[in-house]
Each structure stands twice: as C-alpha cells, then as structure tokens.
Amino acid sequence: MSKTLVASLAVASVLSCASVQAAEGNPFGLVYQGAIRENVAGWVNIHPVTYTLHGLKIAANVYTPAGYDGKGAWPAIVVAHPNGGVKEQVAGLYAQRLAEQGYITITADAAFQGASEGMPRHTDRPASRTEDIHGMADFISTWPGVDASRLGALGICGGGGYTLNAAKSDKRFRAVATLSMFNSGEVRREGYMGTQKDSIQERLAQACEARALEMAGGEVRLSGTVDFDALTDEAISKIPTDLYREGMLYYGRTHRHPNSTFSFTTSSLMDLMTWDARDQLELISAPLLLIAGEKADSRYMSEEAFAAATGTQDKELFLIPGATHIKTYYVPEYVDAVMHKLTSFYGSHLQKAE
C-alpha cells in the first residue's frame, strides 16, 4: 500500500469518528461539516417537512436564508441527492450553502429510499427518481415567500443524471446545474467506464428473474450491497477507480448515515439498463452548467452530457482543478470552488425581473 493511501486512510479514520459523532449529536441527523445544529433567528434555518407524492410520504429538508420571514419573493433551488445518498449528506451541504447565498432550497430523500416511503425498499427506477425532482419543484413552489418564476435545480452524482432528465420537460427550471454527474443508465448497463459491456444480456436476464420472483411475492433481491462494517482498509485500497474507492470512505466512514446505502433492487435494472441520461438532452432549453472534478474518473459522463445538450446555447462544462468526484462532496477548497461557480450561475439566471 502506498504511503499516500495509508495517509488518506488514516485521515479517513479520524474523520470517521467525527462523522459518527456528528450523526449522533446533530438533532437533524446532518453529517456534513458546518451543519446547522439549531435554528437561530436571523440565520439560515432548516425545516424538516413531509409531503405526499403519488401516495407516498416524502421526507425532505427545506433551508431558508437569513432574514427570511415568510414574505417577499425569494428564488428557490431543488437539490437532488446522489445514488445511495440521503438528504443529510452532500445534498444537504449544498442546500445549506445555497441558502447562505439567499436561496430557499429543498432536498428530499428519493421515494423508496432514506426516510421516504415506498416498497420495495431501495427501488431505483429513473421514472421515479425523475418524478422526485418534479415533486420537490411542486412543493417548494408553494412554500411561503417563494417566487416560483425563479426556480433552479441542482443534481449531484446520480441525482445529476435524473435532474437532466427532469429538466428536459420541466420548464419551471430557469437554471439547471449538475455536480459530478453520474449517468445511472449508462453505468448500470455498460459498467463503470465501460467495464461490463460483455455481460449486458446476462444481467438483464437476472433482473427479469428478480422481478418475476418479486412480483410472485417472493424475496426482493438486491444488487450493489456493501457491508461497510466488514470493509477493511486493505480492501478499499485495492479498488481501482477513484469514484468507488473514495466513495467507500465517504459513505462508509467519514459521512456515514444510517439511511444511506448502495443497495438497489435487482429488478430496477430492467428500467435502469434501458434508460440513458443522454437521451433527448436537446430538449433542455434552460441555461445549463455541468461541474466536474478535473481529476474525476467519472468526468467523461459530464463531457458526454455536455456534448448532447444541443438545445441550449447557454451551457458550460466547468472543471474543478485537482478534484476527484467524491472530493467535490466535502473537501472545503473544492466545495468553495463549486459554490463560487454556482453562486455566479444562479445569480445570473434567477435574478428578479426588473
């Protein structure tokens, strides 16, 4: 094991203790650095809420800016969490940071995941994940003081791919951004960085078998399950890609949350493998910003989406120097760089009409 990796794992171990303490001690369950611990007048506040979407109770957090009093006309941004993530992790971090810039923000656990309702648990279908984003837009548009004509969207990792899908048809979004975008359909079908193209038919057959069993009242089969407690430093060090190696540390150690899991129903692959975030991206007409880490091995997905988004001339692919995919989730210098870009982007496109 390299000295650099040993050092990284040592730091992760220290951060893990801090993260666990944050999760246990934070009254809102937030596990990111600088998270709100109490609502104080005159500061950014957090409001845990629930609402119903297609018969399911959705758990969400709304963040309101300093000075918010339920009046006025505030711009708003919906924030979609990564695959396997929940609202208390990176999505909450950016929702809070955007609220600090004067936006009312919302981030919700996807249906079938986290603290939201839905059975079977861990279902991860593109249509549902896309509808989650429409649902956040529905809810926040009626929040007191929100100017629904100034609505933006931010999707992170898998939430980025689904945000692009939502923005194809949801013209309420006046500005659309993604961070470390992950095309779930492409990866579930072809494997990360195209490593599973030779087993597509076999895995589709397994998904069909899982669906048949599930629909007959049998077991619900899961894919992607990771036992974080059994995962050793040595095993993590042998993972060849930055996204998954650093993801194991982020989700399993430093920013672990009891509702966060990599598991998804195997039957979901029937939908995932026949879907692609790049399809019909020319339908996006809103200003578009795709942010990725310069060093991220997932960067190719943002580049592909950028090339396919031909329906808007106001688009940009912005790379964070030195950053990998996961490090855009929590490393202060990279988070600050992302926020600087997002603040400029939303500030340009969600300004109040004169």
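Student: Hi! Where does His54 lie?

Tutor: His54 lies in the loop between β1 (45-53) and β2 (56-64). Helices (H or I, at least four residues) and strands (E, at least two) are DSSP runs, numbered from the N terminus. Before we go on, this is a predicted model: local features need pLDDT of at least 70, side-chain atom pairs count only at pLDDT 80 or more, and totals for chains, interfaces and linings use all residues.

Student: Thanks. And what phi does His54 have?

Tutor: His54 is not a glycine, yet its phi is positive, about 50°. Most residues other than glycine have a negative phi, and most peptide bonds are trans.

Student: Is His54 buried or exposed?

Tutor: His54 is exposed, with a relative accessible area of 63%. Buried means under 20% relative accessible area, exposed over 50%, and partly exposed in between (1.4 Å probe, protein chains only).

Student: Ser180 has a positive phi too, near 50°. Where does Ser180 lie, and is it buried or exposed?

Tutor: Ser180 lies in the loop between β6 and α5. Its relative accessible area is 2%, so Ser180 is buried.

Student: Let's switch to the strands. How many residues of β5 are buried?

Tutor: Nine of the eleven residues of β5 (residues 146-156) are buried, and the strand is mostly covered.

Student: Which strands does β5 pair with?

Tutor: Two strands pair if DSSP finds at least two bridges between them. Strand β3 (residues 74-80) runs parallel to β5, and six bridges join them. Here Trp74 stands opposite Val146. With β6 (residues 173-179), β5 also pairs in the parallel sense, over six bridges, and Gly155 stands opposite Thr178.

Student: What does the chain pass through from β5 to β6?

Tutor: The chain goes through helix α4 (residues 158-169), and this β-α-β crossover is right-handed. That means that, with the strands pointing away from the viewer, the path from the first strand over the helix to the second runs clockwise.

Student: How many of the residues of α4 are buried?

Tutor: Eleven of the twelve, so α4 is largely enclosed by the rest of the structure. Among the buried ones are Gly158, Tyr162, Leu164 and Lys168.

Student: New topic: how many cavities of 30 Å³ or more are there?

Tutor: One. On a 1 Å grid over the protein atoms alone, a cavity is a set of points where a 1.4 Å probe fits but cannot get out, and a pocket is an open set with protein on both sides within 12 Å along at least five of seven lines; lining residues have an atom within 4 Å of a point. Grid points are joined across faces, edges and corners, and a volume is the space filled by probe spheres set on the points. The largest cavity has a volume of about 70 Å³.

Student: What lines the largest cavity?

Tutor: The lining includes Tyr51, His81, Asp109, Arg129 and Met136. Helix α3 (residues 126-141) gives the largest share, four residues. By class there are six nonpolar, one polar and three charged residues. Ala, Val, Leu, Ile, Met, Phe, Trp, Tyr, Cys and Pro count as nonpolar, Asp, Glu, Lys and Arg as charged, and the others, Gly among them, as polar.

Student: And what about the largest pocket: what volume does it have, and which residues lie nearest its centre?

Tutor: The volume of the largest pocket is about 680 Å³. It is lined by 35 residues, with Arg188, Gly224, Tyr244, Phe262 and Phe264 nearest its centre. The largest share of that lining, five residues, comes from α8. By class, the lining of the largest pocket has 15 nonpolar, 16 polar and four charged residues.

Student: Last one: where is Lys295, and what is it in contact with?

Tutor: Lys295 is in the loop between β9 (288-293) and α10 (299-308). Leaving aside neighbours within four places in sequence, Lys295 is in contact with Asp242, Gly322, Ala323 and Thr324. Lys295 and Asp242 are 53 residues apart in sequence, with their C-alpha atoms 9.0 Å apart in space.

How values were computed:
Residues numbered from 1 in each chain as written. Heavy atoms only, no water. Contact = heavy atoms within 4.5 Å.
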